[in-house]
Each structure stands twice: as structure tokens, then as C-alpha cells.
Amino acid sequence: MVKRSLQASLNGIQEAKRAFARKGWTQDNLAAEVNLKTRQSIWRFFSGRPVERHSFIEICSVLELNWREIATNPPSEFLELEEYTKPSVVDIDSLVEKVRSRRFDKIQDQCGILQLWDISHPVAINDIYIDVNILEEIESLQFLDILKLQKLSPEEFDRFGLGEIDQKQIPGMKAVETYSKLRVLGKSGVGKTTFLQYLAIQCNQSAFAANLVPIFITLRNFAQESKVTNEFSLLKYIRQEFLTSGISDGSVIETLLNAGRVLLLLDGMDEVLKEQINSVLSEVRRFSDKYHKNQFVAACRTATQKLRLRGFTDVEIAPFTSEQIRAFAKKWFVTFSKTNIQDGQLESVQFIQKLDLDENWQFRQLVVTPLFLHLACWVFHGQEKFPTKRTDFYKQALDLLLGKWDEAKGIERDEVYRGFLLPQKVKLLSQIAAATFEQGQYFFEQRIVEQYIGDYIQNLTNVPMDSEELQIESEAALKAIEAQHGLLAERARGIFSFSYLAFQEYFTARKIVASHNLEAFGQALEGLVSHMADPHWHEIFLLTATMLRSADCLVQLMKQEIDALVSEDHYLQEFLTWASQKSRTIPSEAKDATIRAFYLALSRSPQIASRFALASSLDQGMFLDTALDDLLLECAIDGSQDFAHIHACGDALSNILGIVLDVGLYKSLQQLSEQLPNYRQSEQRLELWGQTNYSAWAEQLKMTVINYRNINHHWHFSPEQEQVLQRYYDANQLLLDCLHSNSEVTPAIRQEIEATLLLPQKELEDREWQ
């Protein structure tokens with residue numbers, strides 16, 4: 001019968017104590033290294049008392065001792081694999097099965113759970129994992145013309161480089177099956193580690209590569225341990241891993257490797273410190289060359305892809321498609337539902353419905369990666385809606401990328417920003433964003449962004465630096481921003497952009513808000529307001545308004561700029577005066593500005609009314625004016641003398657009479673209705689009436705409407721005036737959006753702005769004088 005415990009011999013205890021002294025640890029330290037909750041087993045080990053055999057072997061392994069030389073009477077029947085030390089070809093399948101069986105629990109524990117951000121408990125990988133897609137072409141390796149990239153619209157910007165433009169995607173599993181040596185690239189939070197863990201679990205459970213032994217290695221752990229021993233050997237590291245599963249014979253792993261029966265998963269190549277990366281890469285190259293028959297999958301951030309591995313094929317994880325987002329959300333809400341599966345499924349449906357709303361298009365830009373999608377689900381789960389202030393969500397996302405994500409994973413990065421603190425990094429990114437956005441650049445050349453970084457470093461250090469030293473510092477800082485944070489991404493060779501347009505907009509707004517003094521702040525706001533006519537800047541306005549402690553100055557400057565657009569054009573002032581006068585004739589509960597917006601839109605185009613989005617439900621008088629305006633438009637159609645048009649006008653006029661309250665207007669319209677010929681007359685007589693009387697009848701109808709309702713004036717705007725009016729409407733809409741964006745505006749200023757929207761200059765001056 002196999003002994004379930006082991007104990008150290010007297011000589012073994014002395015040897016173990018010497019090894020323990022060389023480590024310089026306490027018993028608590030050793031217990032932590034062996035993953036024991038208490039030091040009781042450590043005490044028993046050094047006291048020569050029986051210790052559970054797995055813990056005994058692990059203690060010896062950590063102390064770099066051969067457990068058989070330490071134990072008293074090591075059992076010959078212990079389930080080692082010495083009997084398979086030199087298996088024949090026919091025995092290799094049996095060896096694989098035995099090793100897989102012995103390693104099963106270890107792999108399940110190592111790779112079967114995920115620790116999600118801000119979630120207090122681990123989650124089973126199968127409960128949340130969604131199959132990833134792979135891009136076989138790496139955008140950043142292509143040569144592209146920056147002039148063509150600069151012509152991309154904001155929507156095309158967010159799709160560029162994300163696999164949605166002329167790029168074929170293949171399932172992740174197919175890529176692994178296609179290439180024996182594969183390196184999976186991707187930005188922070190796209191799921192590289194999770195993909196490798198999923199491969200390990202699938203292999204462990206015989207759903208994939210059932211004839212291979214899965215081995216998962218976190219390269220930063222390998223580098224740290226190798227630094228201690230001063231020997232970078234993957235073979236020895238794997239032997240130590242096997243010891244934790246009770247496999248002490250080192251020849252077993254070599255037998256498996258020589259037979260090509262290992263699936264080696266190497267995670268976090270970018271997480272290895274700079275001082276160790278060359279040694280680690282050299283060992284990976286040497287190991288993969290020597291044991292080339294095996295299956296290798298490595299993971300690395302896209303920015304550090306220049307760390308080349310001979311024989312490895314580089315691919316990139318694609319962003320989530322709409323179907324993958326829905327599938328992830330369904331799994332997420334079912335997993336974290338506090339009640340039952342049905343409630344989780346319902347919440348996932350609500351999440352997707354609200355995500356698809358036009359107002360949430362900025363969130364859709366970001367949630368194409370598992371990290372940001374998890375964050376969005378978590379926020380929605382707690383609030384049952386998306387944040388009203390998008391800036392709060394952006395800040396959470398940026399906090400993750402700028403350090404908390406690495407911190408949560410226990411990753412130590414090389415600090416190449418000399419003397420930079422987190423606020424200074426944010427300030428640098430804000431300056432880059434603002435400078436490039438001001439010039440209308442979503443894409444910029446590497447030398448340009450390095451110049452911005454160099455200027456910032458020079459101003460920060462206050463220490464003179466020669467041009468060559470400054471260039472080296474700038475290049476290193478750019479590489480660090482790209483590799484560590486992923487906030488700047490190389491979209492093609494030598495061409496960079498922010499990884500998401502939303503982040504460039506956020507940092508640009510932050511640069512405005514964070515102006516260092518009152519004078520600079522005023523200049524920043526004036527500079528922002530000068531861009532009101534540019535739709536590319538609208539999101540900057542909204543973000544700035546919500547980030548300011550008080551948005552009073554911003555909205556007041558916007559109002560002044562809007563009124564100035566039309567203040568010098570007398571004809572446009574006459575147009576606004578008419579709308580204002582007309583609004584005062586409507587006894588409605590709606591705000592006067594709402595009524596003014598309605599009539600300005602009605603006089604030009606119903607499309608403008610829908611775009612301006614001021615009007616709510618129509619007052620009876622407004623409804624009547626709409627009906628009359630539609631009737632006059634119908635009468636003005638070419639060929640309206642046709643009897644069918646005459647009949648349609650008669651029906652419309654009859655319907656209008658049913659809602660007219662003014663007696664004079666009712667009589668006039670009734671008379672006009674009676675002048676229309678009876679539609680039962682012959683077609684020839686109807687057409688004759690149309691040819692001889694229709695034009696005069698239509699003109700009389702028009703004059704009646706103008707006299708009684710003061711609408712349907714013929715406003716003749718020049719092309720330039722049309723453009724000014726459109727800018728005026730759009731700017732007013734932007735101002736309203738800022739007021740409704742959860743911005744901090746004092747009630748008095750908010751009320752004054754809303755009351756004076758769309759007023760002519762004279763009325764504005766009269767209000768100011770009063």
C-alpha cells in the first residue's frame with residue numbers, strides 16, 4: 001500500500017536546515033512558497049514528524065533537494081514514473097496518459113479560474129469565456145500612406161486596425177491547429193492570457209490536443225526564479241513544476257518533449273523586465289528549436305512584437321464582434337445574477353438594447369475587448385444603466401490601463417519614464433492628444449509624437465539635455481506608452497494614433513479642464529468655443545462640460561458665440577423676430593424656445609425640426625399650423641391642377657376645418673372649401689376648373705393662412721445664409737446637449753440660457769438692459 005505521508009531522516013533534517021539557511025527565509029516564508037496556509041507542516045518537516053507526502057515533496061523541491069535523499073526509508077512502491085524512464089515507442093501513449101492524469105488537478109487549478117477586475121471571488125473560465133477570433137495580418141507591420149489615413153472619418157478610425165476593414169478573421173482554435181509555433185499578439189485586456197488558459201483547460205479535458213501534455217508557464221515567474229538561480233533553463237523549470245504533481249523523475253519530461261507530446265503555453269512575454277528579456281527569449285528560442293516537434297503558443301502585447309521568435313507565426317486577437325459581445329454579456333449576467341438564470345438573461349438583453357442606443361455609441365467603441373466589456377457590464381449591473389457621465393467610465397478604463405491592471409496581476413514593469421509620476425503621464429498624454437486633435441490629426445508620424453514627448457521631458461526635468469539624449473528618452477517613452485498601456489498604438493509602420501478615438505477626445509478635454517491658471521483656463525475655453533462649428537469637436541464640448549467643476553463660463557461663452565453668428569445679418573434677424581413673435585401667440589405650456597424652434601424648422605424643413613430636437617408634444621395651434629403648412633405644400637406641387645390633387649386638397653381642408661377654433665379663419669376656409677368643384681363632376685369639368693381657377697384659389701388660401709396664422713412666408717435665403725443658419729441650429733443643439741449632459745451649471749444661468757435660445761439680437765439686448 002502506498003504511504004500517504006513521509007518524514008525526514010536525521011541526516012535529511014540537517015541537509016534541509018542548511019538549504020533553508022541559505023534561502024534566508026522564515027518558516028512563514030517557506031510555507032507561502034509551498035502554498036500552505038499555516039507553517040504547521042513546515043514545523044513538522046524540520047522536527048522529523050510525518051508530513052503529507054505532496055507537501056513533503058513540494059518542500060524539498062522549493063529547497064532544491066532530492067526528496068528521496070531527505071526522507072526516511074522512501075517507499076519503493078510510491079507512484080513515481082521511474083518505470084517509464086525509458087519507454088519504448090509503443091509506451092509513449094501510456095506515459096502521456098499517466099502524466100496527464102497526475103497533472104490534471106494542477107492544470108485545472110492553475111488555468112481553470114479567472115480573477116476579474118473588481119470581482120471579489122474567482123470565476124470558472126468556462127462560465128465567462130467566449131471563443132476569440134484571430135487576424136492573420138498585423139496592421140502595424142504594414143506600410144501605409146498617412147495622407148490616406150488622415151482622410152478616415154471618426155467611424156472609420158475606430159474600425160481601422162480592428163479587423164473590420166478587409167481583414168479575414170479565423171477562430172482562435174483553428175490558428176492553434178494551423179501553426180505549431182504560434183505567438184498571439186494583442187493590446188492590453190483583449191484576452192491573451194485567458195485564451196492560453198482556455199487552451200490548457202481544453203487540452204486538460206481532452207477537448208483539444210488530447211494526446212499532448214499541457215504545460216502553462218508565466219514567463220515573468222520563470223524569469224524571477226531564473227534570476228535567483230542565475231540559470232535560465234525551461235527544462236529545469238518544468239521539472240520543478242512536475243515535482244509539485246509528484247513526478248520527480250526528470251527524464252519523464254525529456255521523453256515527452258523528444259516525442260513531441262507537449263503543449264507548451266508561454267504567457268506574458270511583454271511582462272518580463274528589460275534586464276531579463278534577452279535571456280528569456282534566448283532560452284525560448286533554444287528550447288523551441290531543440291524540441292521543435294512540440295506545440296508552442298506564446299502570448300505578447302502587440303507593441304512588443306519586435307521581440308522576434310524564429311519559427312513562430314505572429315497573429316493578433318481580433319476585437320469582439322457584435323455576436324461575441326452579446327454572447328459575453330449573456331454569460332456575464334447569468335454568472336453574476338443574484339437571483340436566477342432567467343433574470344441574468346433578461347438583464348443581458350437589457351444591456352445589449354441600451355448599448356445599441358445612438359446615445360451610447362461611444363461605449364460601443366470601447367467594449368470590443370473583454371476588459372472594457374467586463375467593466376461596462378459591471379457598471380450596468382450596479383446601476384441598471386450606462387453612466388450619464390461618460391468621463392467617469394473613461395477614467396475607470398484609463399486607470400486600469402495606466403497601472404491598476406498590471407498591479408492587480410502583480411506585474412512589475414520597467415520604468416523608462418525618468419521621474420514620471422502617474423499625473424505627469426496623464427498630463428503628457430493630454431498634451432499629445434490636444435496638440436494632434438487641434439490639427440485634426442487622428443494619425444500622426446512617429447517623429448511628430450516623439451517631438452511632443454521630447455518637449456514635455458525637457459520642460460519637466462529643467463535639466464539641459466543634448467538632442468541625441470533627448471531623442472533616446474523620447475523613443476523609450478513612446479515604446480513604454482505603447483507597450484505598457486496600449487494608449488498609443490502603431491497602426492502602420494511609423495504611424496501612430498491613440499488606441500481609441502474616445503481616449504484622444506477624453507485627454508483633449510482634460511487638457512482644457514486642467515489649465516494651470518485662470519488666464520490659461522479662459523484662453524482654453526475661448527479656443528474650444530472657436531470650434532463650435534466643427535462637428536468633430538462636439539464630443540470634446542460634452543466631455544469638457546461634464547469634467548468642469550462649474551460649466552457656467554463654458555455655456556455662457558457658447559451662447560455668446562452662437563448669438564454672434566447671426567447678429568450682423570438683418571434678414572436672419574428678421575427671420576428670428578418673426579419666429580419669436582409667432583411663439584408668443586401660442587398659449588402652450590411648452591417653453592418659448594421650444595415653440596421658436598418649431599416655427600423656425602417649420603418655415604424651412606421638417607428635417608431640421610427633428611435634428612434640432614427641441615419640440616415636445618404639439619399645441620393645438622402648432623398642430624393646426626403644421627396641417628396648414630402641409631396643405632400649402634401640397635397645393636404648390638407641380639401638376640396640382642390635376643383633379644386627383646384637387647380632390648386631395650379638398651379632403652385635407654375638410655379635416656383642417658375640424659380643428660379650427662378662430663371664427664374668422666373658419667369662415668374664410670369654409671368659403672374656400674365651397675369654391676372647390678364637386679368631385680362627382682366629370683373629369684373634364686374638374687380639369688377645366690383646375691386650369692382656370694386653381695391658381696387663384698391656391699393663392700387666396702395662402703394669403704388667408706398668412707393673414708390669420710402668420711406662417712408660410714416666403715423666406716429666400718442665400719446659400720451663405722443657409723449655411724449660417726445650419727451652423728446656428730447645430731450650435732444651439734450642441735449647447736442644449738451640454739446643458740443636459742450632467743454638467744454643473746447654476747440654475748439661474750441655465751434658466752437664462754434656455755429662455756433666450758433663438759431670440760433675435762434686439763430682444764436679447766432688451767433683456768440685458770432690463
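In what order do the 7 strands of the open sheet stand, and what kind of pairing do they show?

A: The 7 strands form an open sheet in the order β6-β5-β11-β7-β10-β9-β8, with mixed pairing. Strands β6 (169–171) and β8 (213–218) stand at the edges; each has a single partner strand, so one side of each is left without a neighbour in the sheet. From one strand to the next, the twist averages 30°. The angles behind this value are taken between N-to-C directions and run from 0 to 180 degrees, with axes fitted as lines to C-alpha atoms, for helices over the stretch in contact. Two strands are said to pair if DSSP finds at least two bridges between them. Strands (E, at least two residues) and helices (H or I, at least four residues) are DSSP runs, numbered from the N terminus.

The model is predicted: local features need pLDDT of at least 70, and side-chain atom pairs count only at pLDDT 80 or more, whereas totals for chains, interfaces and linings use all residues. Residues are numbered from 1 along each chain as its sequence is written, and side-chain values use heavy atoms, with hydrogens and water left out.

Within the sheet, strand β10 (residues 295–301) runs parallel to strand β7 (residues 181–186), and 6 bridges join the two. Arginine 183 has alanine 298 of β10 as its bridge partner. Strand β9 (residues 262–267) also pairs with β10 in the parallel sense, over 4 bridges; here alanine 298 is the bridge partner of leucine 266. Strand β9, helix α15 (residues 274–290) and β10 make a right-handed β-α-β unit. A crossover is right-handed if, with the strands pointing away from the viewer, the path from the first strand over the helix to the second runs clockwise.

Strand β10 is largely enclosed by the rest of the structure, because 7 of its 7 residues are buried. Buried denotes a relative accessible area under 20%, exposed over 50%, and partly exposed in between, for a 1.4 Å probe and protein chains only. In a regular strand the side chains alternate between the two faces of the sheet. Gln295, Val297, Ala299 and Arg301 point one way from β10, while Phe296, Ala298 and Cys300 point the other way, and all are buried.

Strands β13 and β14 (residues 495–498) run antiparallel and are joined by 4 bridges, with alanine 489 standing opposite serine 497 of β14.

Turning to charged side chains, the count comes to 18 salt bridges, a salt bridge being a side-chain nitrogen of Lys or Arg within 4 Å of a carboxyl oxygen of Asp or Glu. One of them joins arginine 447 and glutamate 445 (2.8 Å, N to O), and glutamate 445 is partly exposed at 27% relative accessibility. Lysine 559 and aspartate 563 also meet in a salt bridge (2.8 Å, N to O). These two residues are 4 residues apart in helix α27 (residues 552–566), so about one helical turn separates them, and both lysine 559 and aspartate 563 are buried. Glutamate 323 and arginine 326 meet at 3.7 Å, N to O, and lie 3 residues apart in helix α16 (residues 322–336), again about one helical turn. Glutamate 323 is exposed, with a relative accessible area of 51%, whereas arginine 326 is partly exposed at 41%.

Finally, the whole structure contains 3 cavities of 30 Å³ or more. A cavity is a set of points on a 1 Å grid over the protein atoms alone where a 1.4 Å probe fits but cannot get out, and its lining residues have an atom within 4 Å of a point. Grid points are joined across faces, edges and corners, and a volume is the space filled by probe spheres set on the points. The second largest cavity holds about 50 Å³ of space, and its lining includes Lys187, Ser188, His485 and Tyr500.

Note on methods: 1 Å grid on protein atoms, 1.4 Å probe; cavity = no way out; pocket = protein on both sides within 12 Å on 5 of 7 lines; lining within 4 Å.
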